[in-house]
Amino acid sequence: MFGSLRVRNYRLYASGQVVSLIGLWMQRVAQDWLVLELSDGSAVALGIAAALQFAPTLFLSLWAGVLADRMDKRKLLLVLESAFALCALALGLIDVTGVAQLWHVYALCLVMGAVSAVETPVRQSFVVEMVGRDQLANAVALNSMTFNLARMVGPAVAGVLIIVMGTGWVSVINAVTFAGVLLGLLLMNPAKLHRAEPVPREKGQLREGLRYVRQRPDLVILLVLVFFISTFGLNFFVTLAVLARNTFGGDADAYGLLSTMLAIGTFAGATLAARRSTRGKPRLRLLIIGALAFGVLEVAAGLMPTMWLTGAMLIPVGIGMMTFTTTANATVQLAVAPEMRGRVMGLYMLVFLGGTPVGGPVMGWLAEHFTARAPIVFGGLVSIVAAVVGGIVLARRGGVTLPTHRLGLRRRARV
């Protein structure tokens, strides 16, 4: 279950991520709450902040995938994580000094979104370099466990700290926590990384990556499925804050509670994914079951009458969500040639996060013009339809093709 942790480089990376991600989730809660305070509880303002933070993905993630295939990913991550720390510090300082205005937060959301758009494909494609192909599925699941462990701890701590210290100091603390991931990257042994041959700088490499995916209908179908579920189903950063404040009349600690309950579910789902990774490659059936279960459970969560029942339902929602996302991530990474992995993961992150500039404002509009429950129910219904249609099409094709290591050669294995 923890096989990837036998690799020293990955242990360093994972331990640094635990510290940094706890700070990141603390800041996400503080940032959302700051937006609500500055906008007098506007769900649309929260949706705009989310859209600005994810909009750069539309323009930069594909280019970031090209960079990931060309450059030393470890050195590139050192630069990008440092930029994240500076953004967190800037947000914290303008908040602590009392000069923060809504447009300041919007501007920093855009900058952090630009850094994230480049960092995410690089980080995703770096995982296989640390652990190799055989441990990739396990490492993806353990990454999700780390992420969701932080997601359990971070919002709960942030909810208390916001009341005691204010939102600004939470962002300052997050800036300090980036020392963990930076130290882990610096202490790695580069000679022990499983690096593919760097792709030489040439014109048309971005188009080459798109052409590679276009020639793989199995990947196209999977990416479309990921787009619809992530755009409309995975919008809890907008919906939970509004639900806690406007429907249940709660404070920051109520938002932290709902976020933590969801994180308990996602952590459990990631733990189950880590156990499944010891049984071989991910399967199509699990991908579709996870997507369908997530949609059904999300609709149920949106209809719960009280905050505690909603929180309880968010636990199985999180399990279904992680079953789908970890299976999709591992399937895509294993289904592509190593020299194309950065560009394909850039496209994967584009469809996974790039729909947020559309989904965020739509969810905010639904919450403001109907109820805070409406976007949750709507997202679940979209996820159900996407799972059913995607599952039927992928099943008829026989699954997803796993290629050999070199571009253009395939073996007819299916997942």
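Zero disulfides are counted when a disulfide is taken as a pair of cysteine sulfur atoms within 2.5 Å. Cys87 takes part in no disulfide, and the nearest cysteine sulfur, that of Cys109, is 10 Å away. For Cys109, the closest cysteine sulfur is in Cys87, too far for a bond. Cys87 is buried, with a relative accessible area of 8%, and Cys109 counts as buried at 0% relative accessibility. Here, buried denotes under 20% relative accessible area, exposed over 50%, and partly exposed the range in between, with a 1.4 Å probe and protein chains only.

The structure is a predicted model, in which local features need pLDDT of at least 70 and side-chain atom pairs count only at pLDDT 80 or more, whereas totals for chains, interfaces and linings use all residues. Residues are numbered from 1 along each chain as its sequence is written, and side-chain values use heavy atoms, with hydrogens and water left out.

Helices are DSSP runs of H or I with at least four residues, numbered from the N terminus. Helix α9 (residues 217–233) and helix α13 (residues 307–334) have axes that come within 11 Å and cross at roughly 150 degrees. Helix α9 is therefore roughly antiparallel to α13, as angles over 145 degrees are classed in this way, those under 35 as roughly parallel, 65 to 115 as roughly perpendicular and the rest as oblique. The axes are lines fitted to C-alpha atoms, for helices over the stretch in contact, and the angles run from 0 to 180 degrees between N-to-C directions. The crossing of α9 and α13 is left-handed, meaning that the near helix is turned anticlockwise from the far one by less than a right angle. Leu222, Leu225, Val226 and Ile229 of α9 make the contact with Phe324, Ala328, Thr331 and Val332 of α13, contact being defined as heavy atoms within 4.5 Å.

Helix α9 has 17 residues and reaches 24 Å from its first C-alpha to its last, close to the 24 Å expected at 1.5 Å a residue; the expected span is 1.5 Å times one less than the number of residues. Twelve of the 17 residues of α9 are buried, and the helix is mostly covered. The buried residues include Leu222, Leu225, Val226 and Ile229, which also belong to the contact with α13.

Leu161, Ile162 and Met165 in α6 meet Thr167, Trp169, Val170 and Ile173 in α7.

The 24 residues of helix α16 (residues 374–397) should span 34 Å at 1.5 Å a residue, and the end C-alpha atoms are 35 Å apart, which agrees. Among the buried residues of α16 are Pro375, Val377, Gly379 and Gly380. Ile376 also lies in α16 and counts as buried at 5% relative accessibility. Leaving aside neighbours within four places in sequence, Ile376 is in contact with Thr239, Leu243, Glu298 and Gly302. Ile376 and Gly295 are 81 residues apart in sequence and 9.6 Å apart in space, C-alpha to C-alpha.

Ala301 lies in helix α12 (residues 284–302) and is buried, with a relative accessible area of 3%. Not counting residues up to four places away in sequence, Ala301 touches Thr310, Met313, Leu314 and Val317.

Note on methods: Helices (H or I, at least four residues) and strands (E, at least two) are DSSP runs, numbered from the N terminus.
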